[in-house]
Amino acid sequence: AQEPKIKQCPSCQRPGPFRLNSSQTQYRNYQTAVLQETPGTVPPGRLPRWIEVVLVDDLVDIARPGDEIQVTGIFRNHFDPLLNHKQGFPVFTTILEANSVRRRVDDLQESMTNEEKEELKLLSH
């Protein structure tokens, strides 16, 4: 595998070149996903809004594409110098750093009482 090239410091955006010290690098599960409004809730003629969500550690692979989920997290903006240079004015990209992800199916199952679950089982037979 080829060593990744680090072109600028993530904290101060100072230009490199930098070398990756693989013996002191810490790795962790990391995933990005796109969270989008449910198409059924969007008024006709309008596109669903979306935001990129960053999932780390135990939040990775909780949901699959198409799942309805509830995400709690930190809304962050990121100053992108390359994008700002092209546009000629300040442009910020936004992401959501997830702290918690719950599938909506799990919410439905938790809200049912034991009696309702038994009744549902009887009706299904």
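Me: Quick one to start: is R49 buried or exposed?
Reply: R49 is exposed, with a relative accessible area of 55%. Keep in mind that this is a predicted model.

Me: Okay. What does the side chain of R49 meet in a salt bridge?
Reply: That would be E37, at 2.8 Å from N to O. Both R49 and E37 sit in the loop between β3 and β4, 12 residues apart.

Me: Which other residue forms a salt bridge with E37?
Reply: R46 does, and the closest N and O atoms of R46 and E37 are 2.8 Å apart. R46 is partly exposed, with a relative accessible area of 38%.

Me: How many salt bridges does the structure hold?
Reply: There are 5 salt bridges. One of them joins the side chains of E97 and R76, at 2.9 Å from N to O. That pair links distant parts of the chain, with E97 in strand β6 and R76 in strand β5, 21 residues apart.

Me: And how exposed are E97 and R76?
Reply: E97 counts as partly exposed at 28% relative accessibility. R76 is partly exposed too, at 39%.

Me: Which residues do salt bridges with shared partners join into one network?
Reply: E37, R46 and R49.

Me: Let's zoom out. How many helices and strands does the protein chain have?
Reply: It has 3 helices and 6 strands. Starting at the N terminus, the elements run β-β-β-β-β-α-β-α-α.

Me: What sheet do the strands form?
Reply: 4 strands make an open sheet, in the order β3-β4-β6-β5, with mixed pairing. The edges are β3 (30-36) and β5 (69-79), and each has a single partner strand, so one side of each is left without a neighbour in the sheet. From one strand to the next, the twist averages 35 degrees.

Me: How many bridges join β3 to β4?
Reply: 7 bridges join β3 to β4 (residues 50-56), and the two strands run antiparallel. If you want a spot to look at, T32 stands opposite V54 in β4.

Me: Where do side chains point in a strand like that?
Reply: In a regular strand, side chains alternate between the two faces of the sheet.

Me: What about β1 and β2, which way do they run?
Reply: Strand β1 (residues 6-8) and strand β2 (residues 15-18) run antiparallel, joined by 2 bridges. Q8 stands opposite P15 in β2. Their hairpin has 6 residues between the strands, and Q13 there takes a positive phi near 65 degrees.

Me: Which other residues have a positive phi?
Reply: D57 and D61 are among them. D57 has a positive phi of about 55 degrees although it is not a glycine. For D61, also not a glycine, the value is about 65 degrees.

Me: Where are D57 and D61, and how exposed?
Reply: D57 is in the loop between β4 and β5, and D61 lies in the loop between β4 and β5 as well. D57 is partly exposed, with a relative accessible area of 37%, whereas D61 counts as exposed at 59%.

Me: Now the inside. Which residues make up the largest nonpolar core?
Reply: The largest nonpolar core has 8 residues: I51, V53, L55, L59, V71, L96, A98 and V101. Strands β4 and β6 (92-103) each supply at least two residues of this core.

Me: What does V53 touch?
Reply: Leaving out residues up to four places away in sequence, V53 touches Q31, T32, A33, L35, V71, L96 and A98.

Me: How much of the chain counts as buried?
Reply: 12% of the 125 residues. The accessible surface comes to about 10,900 Å², and 52% of that belongs to carbon and sulfur atoms.

Me: And the contacts, how many join residues at least 24 apart?
Reply: 50%, among contacts between residues at least 6 apart in sequence.

Me: Last topic: L47. Why does L47 count as exposed?
Reply: Because its relative accessibility is 71%, and the cut-off for exposed is over 50%. L47 is found in the loop between β3 and β4.

Me: What does L47 touch there?
Reply: E37 and V42, not counting residues up to four places away in sequence. L47 and Q36 are 11 residues apart in sequence, and their C-alpha atoms are 9.9 Å apart in space.

Notes
Residues numbered from 1 in each chain as written. Predicted model: local features only at pLDDT ≥ 70, side-chain atom pairs only at ≥ 80, totals over all residues. Heavy atoms only, no water. Pairing = 2+ DSSP bridges. Axes fitted to C-alpha atoms, helices over the stretch in contact; angles between N-to-C directions. Buried < 20%, exposed > 50% of the residue type's maximum accessible area, 1.4 Å probe, protein only. Contact = heavy atoms within 4.5 Å. Areas by Shrake-Rupley, 256 points an atom, 1.4 Å probe, with all protein chains shown as cover. Core = buried A, V, L, I, M, F, W, Y, C linked by side-chain atoms within 4.5 Å. Salt bridge = Lys/Arg side-chain N within 4 Å of Asp/Glu carboxyl O.
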